[in-house]
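Please look over the sequence and the structure below before reading on.

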Amino acid sequence: MNIIIGTVIIGAAAIWMWRALPNGVWRLAAYRNTFDTLKFTFPRILIALLGASFFAELLPTEHMQDWFGKDTGLQGLLMATIVGPITPGGAFVSFAIGAAALKAGAGVANVLAYVTSWTLFSSTRILGYEVPMMGRQTALFRIMICLPIPFLVGLLSGLFLQ
Amino acid sequence: MMIFPLAAGFVAAGADLGAIIAFVSSWNLLGLNRTLIWEFSFFAPEMVWVRWGLSPAIAFAAWHVAPALSC
């Protein structure tokens with residue numbers, strides 16, 4: 001449902017922008033750009049979604065409750081925080097794994113800590129973009145400042161979610 | 001990933017380190033397209049709202065803590 005709402009909003013914005021283009025030359029350039037983006041993105045998204053689904057299926061569900069169950073406490077939060085940065089791929093992979101982990105019996109707090117840890121410390125993003133563009137020192141400093149955040153999000157989420 | 005060149009530009013223009021840390025961290029925590037497309041699709045809305053409720057406060061705290069630690 002949310003995907004449908006998002007698609008409608010983005011589609012409406014695209015139509016509004018298309019109408020705002022001044023003439024046919026601009027529209028032709030827009031069509032070309034759209035096609036190039038589609039050509040670049042579609043196969044990658046397709047492979048990524050398949051990969052994420054396979055990865056989620058490969059999760060060791062029999063150990064999920066022992067490692068990340070809701071009764072694992074601080075140890076589960078710590079484990080979830082450690083696993084986040086080493087998750088390969090983009091958002092579709094980490095969120096698919098989080099959803100699969102929830103189904104397999106992981107605690108909500110641990111899954112939130114995992115997702116937050118991935119968003120903050122994704123190793124591919126840090127090594128590929130943050131360190132080269134912002135410098136090693138700034139990136140390391142941000143990482144150090146943000147280290148407690150996934151842990152805190154998981155811990156405090158217990159106040160609002162069961 | 002536009003955030004990183006943008007943040008690097010802010011740094012070059014003399015932005016405060018704490019503000020940059022908060023800027024990058026809040027984008028990491030609360031990227032809108034990521035939330036709308038993926039997070040809401042995979043998780044229950046209350047999980048997303050709790051994460052969104054907690055994250056800005058923590059990013060704000062990071063903004064305060066960063067300058068103190070960098071001295």
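## Contact between the chains

Two residues are in contact if their C-beta atoms, placed from the backbone, lie within 7 Å. In this predicted model, local features need pLDDT of at least 70 and side-chain atom pairs count only at pLDDT 80 or more, whereas totals for chains, interfaces and linings use all residues. Residues are numbered from 1 along each chain as its sequence is written, while chains are lettered from A and ligands numbered from 1 in the order in which they are written.

On this basis, 32 residues of chain B are in contact with 30 residues of chain A. Helices here are DSSP runs (H or I, at least four residues), numbered from the N terminus, and those of chain B that give two or more residues to the side touching chain A are α1 (3-12), α2 (17-30), α3 (32-42) and α4 (45-70). The most comes from α4(B), with twelve residues.

## Two helices of chain A

Helix α4 (residues 73-83) of chain A packs against helix α6 (residues 108-121) of chain A at an angle of about 30°, their axes, which are lines fitted to C-alpha atoms over the stretch in contact, being 7 Å apart. The two are therefore roughly parallel to each other, a term for angles under 35 degrees.

## Confidence

The predictor's confidence in each residue, pLDDT, runs from 0 to 100, and for chain B it averages 83, with 92% of the residues scoring at least 70. Within chain B, confidence is lowest in α4(B), at a mean of 81, and highest in α1(B), at 87. The model scores ipTM 0.87 and pTM 0.79.

Notes
Axes fitted to C-alpha atoms, helices over the stretch in contact; angles between N-to-C directions. Parallel < 35°, antiparallel > 145°, perpendicular 65-115°, else oblique.
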